[in-house]
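Hello,

Here is the structure I promised to pass on. My notes on its charged side chains follow below.

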Amino acid sequence: MKPTVVLLVEDEESYIDALTVGLQREGFRVEVARDGFDALDRFDAVRPDIVLLDVMLPRISGIDVCRQLRKRSQVPIIMV
C-alpha cells in the first residue's frame with residue numbers, strides 16, 4: 001500500500017525536524033517546503049494527500065499559499 005504523502009510547509013528547522021520524525025514514525029511520507037513559493041512548486045510536483053501549512057512563511061504568507069492551493073485542489077490543508 002502506498003504511504004500517505006504529507007507536504008509540510010514550515011521555515012523553522014526545529015519544527016521541521018520534530019514533525020518529520022513524528023510523521024515518518026507513523027508511516028507517512030513527508031515532503032518539506034521551506035517557503036511559500038517552494039510550497040506551490042512542491043505541491044504540483046508531489047501531489048500530496050494532505051498539507052500542513054505554517055501561517056507565517058517567508059516570501060508568501062501561509063494564508064496566500066492556502067488560497068492558491070485551494071484554487072488548484074480540494075486536498076485537506078491544516079494551518080499550523
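The side chain of Glu10 reaches the backbone nitrogen of Glu12 at 3.0 Å. This is a predicted model: local features need pLDDT of at least 70, side-chain atom pairs count only at pLDDT 80 or more, and totals for chains, interfaces and linings use all residues. Numbering runs from 1 along each chain as its sequence is written, and side-chain values use heavy atoms, without hydrogens and water.

Glu10 sits in the loop between β1 (5–9) and α1 (13–25) (helices are DSSP runs of H or I, at least four residues; strands are runs of E, at least two; both are numbered from the N terminus). Glu10 is buried but has no salt bridge. Buried means under 20% relative accessible area, exposed over 50%, partly exposed in between (1.4 Å probe, protein chains only). A salt bridge puts a side-chain nitrogen of Lys or Arg within 4 Å of a carboxyl oxygen of Asp or Glu. For Glu10, the nearest side chain of opposite charge is Arg34, 9.2 Å away (Lys and Arg count as positive, Asp and Glu as negative; His and the chain ends are not counted).

The structure holds 7 salt bridges. Asp35 pairs with Arg59, closest N and O atoms 3.1 Å apart. Asp35 is in the loop between β2 (29–33) and α2 (36–46) and Arg59 in the loop between β3 (50–53) and α3 (62–72), so the pair ties together parts 24 residues apart in sequence. Asp35 is buried at 13%; Arg59 is exposed at 60%.

Glu31 and Arg29 also form a salt bridge, at 3.2 Å, N to O. A salt-bridge network links Arg29, Glu31 and Arg42.

Best wishes

Technical notes:
A polar contact is a pair of N or O atoms within 3.5 Å; within protein, one must be able to donate a hydrogen and the other to accept it, and residues adjacent in sequence count only if both atoms are side-chain atoms.
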